[in-house]
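Here are my notes on this one, written as numbered points. Have the sequence and the model open while you read.

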Amino acid sequence: MNKISNILIAVVLLVLYAGCSDSDDTSSVSALTVVKSDVEYSSEGGSGTILLKTTQAFEAVSNASWCTISVSETTINLTVSPNLNVGARNALIVISTGNEKCQVNITQMGDMADCNIEGEHKFSLLGGTVDFEVNTHRNYTVSSEGGDSWLTFTDDSDGKIRVNVASGPYNLAEPRTATVTVAIGNVKWTGVFEQLPLAGEYVIRYIRDNGTQEGVCRLDITNTPDTYDVRYLSGVPITNAGGLPGKALYSDGKLAFPMGSQFLGYMNVTDYGQVPLYMYAYCKKGNIVLSDDLQYIAPLVLNAENQLELTFGDNGVWSNDGSLTVDGFYYACVKDGKIVKNWGSMTDIVMIHK
């Protein structure tokens with residue numbers, strides 16, 4: 001019995017000794033612990049914190065001027081300046097108490113500059129404006145070439161660039177182009193700006209015999225401002241490549257076919273000899289007429305493929321009640337007020353610059 005008692009007493013004393021040993025030995029317990037830290041920053045910089053767990057006074061030092069710190073109780077506040085260099089950079093925050101020291105590494109990405117001006121930008125003869133951005137903290141330059149008379153740009157020196165393309169002149173036979181270049185050192189982004197002419201070849205799509213058909217026509221500049229010769233080359237009821245051209249007029253961002261002066265030449269008609277051929281205004285109700293008051297009009301717009309696309313419609317003066325509208329063209333030879341030969345109609349006309 002005494003043996004058992006002695007063993008129990010020995011075990012109790014051993015447990016009590018082990019508990020005291022753990023509580024008295026503090027060499028393995030840190031007095032300084034980093035709980036949370038913001039250590040990664042973009043090139044823009046910003047602010048962050050390092051949160052500590054400590055009961056002792058501590059000091060914190062940054063080894064980089066671009067990463068400044070301030071201390072509030074157990075929080076270290078970080079302020080990171082923008083990185084104006086291409087390469088990434090690191091800063092070291094050294095935190096120390098009387099007996100301990102720890103380090104926190106701060107990383108900041110380099111200035112990966114970018115500009116969305118790169119590529120092709122097309123405008124109709126109406127011109128217009130388009131805005132671009134330069135994403136960088138470094139100094140950059142903007143320059144243009146080839147557009148002295150019609151392209152200008154503004155730069156607010158804070159990454160916002162606006163390019164302005166002037167309207168006209170409208171008798172431009174060929175596209176005109178210019179470039180705008182944004183440069184940061186040896187890195188460059190170039191945008192090519194093209195202003196499309198109204199002159200040139202077009203795909204012409206239309207409705208005939210209840211089906212969609214397609215042909216080719218061409219607009220040529222003339223000596224009369226804003227007036228174009230129109231030749232129908234293929235795929236249409238009448239081609240006038242060897243005859244007189246029709247006329248189209250430009251005004252206020254629209255192209256119009258005047259429907260009273262569309263004399264296309266003479267045709268040899270059996271039993272009638274040489275008879276004048278006209279392109280009449282046509283209404284889907286079957287009416288035709290020649291009148292310069294009537295116009296078949298299309299606004300100048302760019303389609304999704306950056307092509308000049310002209311969708312024609314009525315100018316609204318055929319009848320006061322709107323019962324008659326210009327829906328397209330009608331080709332006919334008329335003599336003494338009588339149609340002696342016709343080639344039918346083209347309606348719902350769309351012209352797309354090739």
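1. One cut-off before anything else: a residue is called buried when its relative accessible area is under 20%, and exposed when over 50%. Also keep in mind that this is a predicted model.

2. Let's start with M259, which sits in strand β21 (residues 254–259). Is M259 buried or exposed? Its relative accessibility comes out at 0%, so M259 counts as buried.

3. What does M259 touch, leaving aside residues up to four places away in sequence? The contacts include M279, Y280 and A281, a run from V289 to D292 (V289, L290, S291, D292), then L294, Q295 and Y296, plus F329. As for T222, 37 residues from M259 along the chain, the two C-alpha atoms are separated by 19 Å.

4. Now to strand β27, residues 308–311. In a regular strand, side chains alternate between the two faces of the sheet. In β27, L308 and L310 make up the covered face, while E309 and T311 are on the uncovered one.

5. Which strands does β27 pair with? One of them is β26 (residues 301–302), antiparallel over 2 bridges, with V301 having E309 as its bridge partner.

Technical notes
Residues are numbered from 1 along each chain as its sequence is written. This is a predicted model: local features need pLDDT of at least 70, side-chain atom pairs count only at pLDDT 80 or more; totals for chains, interfaces and linings use all residues. Side-chain values use heavy atoms; hydrogens and water are left out. Buried means under 20% relative accessible area, exposed over 50%, partly exposed in between (1.4 Å probe, protein chains only). Helices (H or I, at least four residues) and strands (E, at least two) are DSSP runs, numbered from the N terminus. Two strands pair if DSSP finds at least two bridges between them. Contact means heavy atoms within 4.5 Å.
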